Amino acid sequence: MISNLVKTFLELGDATSRNLKFSHRPDVYVSYGEETITETNLLEIRRRHSDRVHLEMFSKKKESLSGADWEWHIIGETWTLKMRVQAKRTQCKKDRLRIKYNQQRKFLLECAEYANMRPMYCIYCTEPQRKIWTKCHPGYDFEGYQTGCLLADANHVSERTSNLSEIEHKCFPWHLLFDQDETGWDGPTIAELNENMDGDFNRNGVHETNRDDAERLSNSPVGQTEISDRGTHRIMKIDVRDQ
């Protein structure tokens, strides 16, 4: 059920926010970096949705070139949304967010364009660092949850970004990708991925679903040649067909 996916991403966003805030305490002394957060969330997504979430994990030696931590393939009956995602974590001082890796950002955009994927940042942040996407935000279905995982189109994020407040209005909580009623962004809904799309939205990264690929969803490695070409070491495939 898509509602279960929404709940999972809500809960993981909440946990990310609270854990990151706790790690910022001066008496904790525990590093809670992008790699740890991403791996923890991936593990839990796979654990809760083993029937529809499939992971492929590869060598990470190419990540510094591609600028991507992972790929997301959201597979609908008719269309598949593909995104290349770079994780970024806010720092403990104020809402510090450093998009400083100019070469990495360049490769993220270039590789995503070459592969016809949507380049995205996944921003891990704490409740006190957010002004817009807070747990008390009216008009959405996550009141009470802390939204510690925000997504933003990398095309809309300047390489000179130094604080979350500069781009928070361009972000949205990641669970809204799976919300049938309110996506919170300019991409397709799950319903639109499962049928012919006539909506007025950004089709960047949207592909016709490959029937063979969809039916072969598995955890099997895809081979060294494809790994080298992809330049990323995690692919998360989420099957949202028959919804």
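Predicted model: local features only at pLDDT ≥ 70, side-chain atom pairs only at ≥ 80, totals over all residues.
## The chain as a whole

The protein chain has seven helices and eight strands, and buried residues make up 53% of its 243 residues. Among the contacts between residues at least 6 apart in sequence, 75% join residues that are at least 24 apart. The accessible surface of the protein chain comes to about 11600 Å², and 47% of that surface belongs to carbon and sulfur atoms.

## Strand β3 and its partners

Strand β3 covers residues 79-89, and nine of its 11 residues are buried, so this strand is largely enclosed by the rest of the structure. Strand β2, which covers residues 70-75, is joined to β3 by six bridges, and the two strands run antiparallel. With three residues between them, β2 and β3 form a hairpin. One of the paired positions is Ile-74, whose bridge partner in β3 is Leu-81.

Leu-81 also has a bridge partner in β7, namely Val-206. Strand β7, residues 206-208, runs antiparallel to β3, and three bridges join these two strands. Strand β4, residues 118-124, runs parallel to β3 and is joined to it by seven bridges; here Arg-84 stands opposite Pro-119 of β4.

A further residue to look at is Glu-71, which lies in strand β2. Is Glu-71 buried or exposed? Its relative accessibility is 0%, and because buried means under 20% relative accessible area, Glu-71 counts as buried. The side chain of Glu-71 makes a polar contact with the side chain of His-73, at 2.8 Å. Glu-71 and Met-117 are 46 residues apart in sequence, while their C-alpha atoms are 8.9 Å apart in space.

## Salt bridges

| Residue | Partner | Closest N and O atoms |
|---|---|---|
| Arg-18 | Asp-14 | 2.8 Å |
| Glu-56 | Lys-237 | 3.3 Å |
| Arg-241 | Asp-239 | 2.7 Å |

Arg-18 and Asp-14 both belong to helix α1, residues 2-23, and because they are four residues apart in this helix, about one helical turn separates them. Arg-18 counts as partly exposed, at 39% relative accessibility, whereas Asp-14, at 14%, counts as buried.

The salt bridge between Glu-56 and Lys-237 has its two ends in strands: Glu-56 lies in β1, residues 53-57, and Lys-237 lies in β8, residues 234-239, so the pair ties together parts that are 181 residues apart in sequence. Glu-56 counts as buried at 5% relative accessibility, and Lys-237 counts as buried at 15%.

In the salt bridge between Arg-241 and Asp-239, Arg-241 is buried with a relative accessible area of 11%, and Asp-239 counts as buried at 12% relative accessibility. Elsewhere, Lys-7, Glu-11, Glu-44, Arg-47 and Arg-48 are linked in a network of salt bridges.

## Aromatic pairs

The structure holds five aromatic pairs. One of them is formed by Phe-9 and Phe-178, a tilted pair with 4.8 Å from centre to centre and 40 degrees between the planes. Which parts of the chain does this pair tie together? Phe-9 lies in helix α1 and Phe-178 in the loop between β6, residues 172-173, and α5, residues 190-193, so the pair ties together parts that are 169 residues apart in sequence. Phe-9 is buried, with a relative accessible area of 1%, and Phe-178 counts as buried at 0% relative accessibility.

The rings of Trp-72 and Trp-174 have their centres 5.9 Å apart and their planes at 50 degrees, so this pair is tilted. Trp-72 lies in strand β2 and Trp-174 in the loop between β6 and α5, so the pair ties together parts that are 102 residues apart in sequence. Both Trp-72 and Trp-174 are buried.

Which residues form the aromatic cluster? Phe-9, Trp-70, Trp-72, Trp-174 and Phe-178 form one aromatic cluster.

Technical notes. Residues numbered from 1 in each chain as written. Heavy atoms only, no water. Salt bridge = Lys/Arg side-chain N within 4 Å of Asp/Glu carboxyl O. Buried < 20%, exposed > 50% of the residue type's maximum accessible area, 1.4 Å probe, protein only. Pairing = 2+ DSSP bridges. Polar contact = N/O pair within 3.5 Å; in protein donor to acceptor, adjacent residues only side chain to side chain. Contact = heavy atoms within 4.5 Å. Areas by Shrake-Rupley, 256 points an atom, 1.4 Å probe, with all protein chains shown as cover. Phe/Tyr/Trp six-rings, centres within 6.5 Å; stacked < 30°, edge-to-face > 60°.
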